[in-house]
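Open the model in your viewer and keep the sequence panel beside it. The stops below can be selected one after another.

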Amino acid sequence: MAQSLSVSYQQAVQYRLIVNHLAERLPADSYVQAARFGLQDTAPRDALIGMHARVEACEPSAWQHPRLIQTYSPRAAVYVLPTEDFGVFTIGRLPLGEDKRRVIDEMAAEICRSLAGIERRGGSRELRPACASGRLALRWTTSALYVREVSRPEIDFGEAHRELCRRHLHAFGPTTAEAFGWWAGLSRTDANEVWQMLAPELLPVDLEGQSAWILAADEGTLRSAPVMQGPRFLVASDLRLFGQDRHGLFVGPGQKQRIHLHDWFHPHGLMLDGRIAGTWGRRAGRVDVKVVGPLSTDSRSAVEAEALSIPIPDATMSIDIAEYR
């Protein structure tokens, strides 16, 4: 295996911001490309805020684009996904063991029987794991969850797992098999086996003294990724790009506080010029921001404009910025 490439924490973050389209926005209507790695849709409508951070002129109805679909996917959370990649984010999460897959298939079959071909409101304890079967899609309105049966995706079982792992490596690299397993919801044994399937495509990396890997094809982007300029309002799930595991370097469990201003009402991050400069929360159209230290006049104007452009349906946007030393 090739000698490890030495990568700094800042390089890793800059790379992740680039490939996740958070350093430079995609053209208008590029919602499918924005959702390529899945957009977690935690309340209140985080997937829409995530699209706004990635796509120019994002519309309030973006999460309902006809080429997007919802289901429980990574971490068994509701995700907005490209319909064409539905199999990657469902079949790709199934256990490798046949007995465990059979249990999931039986749960899905029972739910489909109860639906009787009709979209129905509500769910059950079995719904989250059963979604990995690829037979169930969701429609989450933030106030209600609807379930419907869909055709199982026609995708090779092994390729679904390999492609899900590639998506993880491309979006969150430098990363590890452990981080992949956590994100995909696979057991450590299964995650390691899938990881090994991609061994010929990987390049070892030393990230601040920790062994990690990237896709070899991403080396050029990692080496040349520039520092992002300007503000972005990141939802809590996007803060994973800054490292949430015990090392503070990789995707991992929990919501590691990046700065001391995070609290229950300000769980999200204000990114300014590639660093977390503050926190924010929202109630309806009012965005409440706490920043570290005073903002320059230009930065304050840019942050205000960014907040006021958030496409919340039927809301008149306003912003309050508090500065803390």
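**An aromatic pair and its sheet**

Select Phe233 and Trp280: both are buried, where buried means under 20% relative accessible area, exposed over 50% and partly exposed in between, with a 1.4 Å probe and protein chains only. This is a predicted model, in which local features need pLDDT of at least 70 and side-chain atom pairs count only at pLDDT 80 or more, while totals for chains, interfaces and linings use all residues. Residues are numbered from 1 along each chain as its sequence is written, and side-chain values use heavy atoms, with hydrogens and water left out.

A search of the whole structure gives four aromatic pairs. Among them is the pair of Phe233 and Trp280, which is edge-to-face, with 5.4 Å centre to centre and 85 degrees between the planes. Phe233 belongs to strand S10 and Trp280 to strand S12, so the pair ties together parts that are 47 residues apart in sequence. For such pairs, rings of Phe, Tyr and Trp (its six-membered ring) need centres within 6.5 Å; planes under 30 degrees apart count as stacked, over 60 as edge-to-face and the rest as tilted. Helices (H or I, at least four residues) and strands (E, at least two) are DSSP runs, numbered from the N terminus.

Next, show the open sheet of five strands, ordered S10-S11-S12-S13-S14 with mixed pairing; two strands pair if DSSP finds at least two bridges between them. S10 and strand S14 (318-324) stand at the edges with a single partner strand each, so one side of each is left without a neighbour in the sheet. On average, neighbouring strands of this sheet are turned by 25 degrees against each other, direction ignored. Axes are lines fitted to C-alpha atoms, for helices over the stretch in contact, and angles run from 0 to 180 degrees between N-to-C directions.

**Strand S11**

Select residues 268-272, strand S11: five of its five residues are buried. His268, Leu270 and Leu272 point one way, Gly269 and Met271 the other. In a regular strand the side chains alternate between the two faces of the sheet.

S11 pairs with strand S10 (residues 231-234) in the antiparallel sense over four bridges, and Met271 is the bridge partner of Arg232. Five bridges join S11 to strand S12 (residues 275-283), also antiparallel. Here Leu272 has Arg275 as its bridge partner, and Gly269 stands opposite Thr279. The hairpin of S11 and S12 has two residues between the strands, and Asp273 there takes a positive phi near 55 degrees.

**Gln40**

Move to Gln40 in strand S2 (residues 39-40). Is Gln40 buried or exposed? At 15% relative accessibility, Gln40 counts as buried. Its side chain makes polar contacts with the side chains of Thr42 (2.8 Å) and Arg240 (2.9 Å). A polar contact is a pair of N or O atoms within 3.5 Å; within protein, one must be able to donate a hydrogen and the other to accept it, and residues adjacent in sequence count only if both atoms are side-chain atoms.
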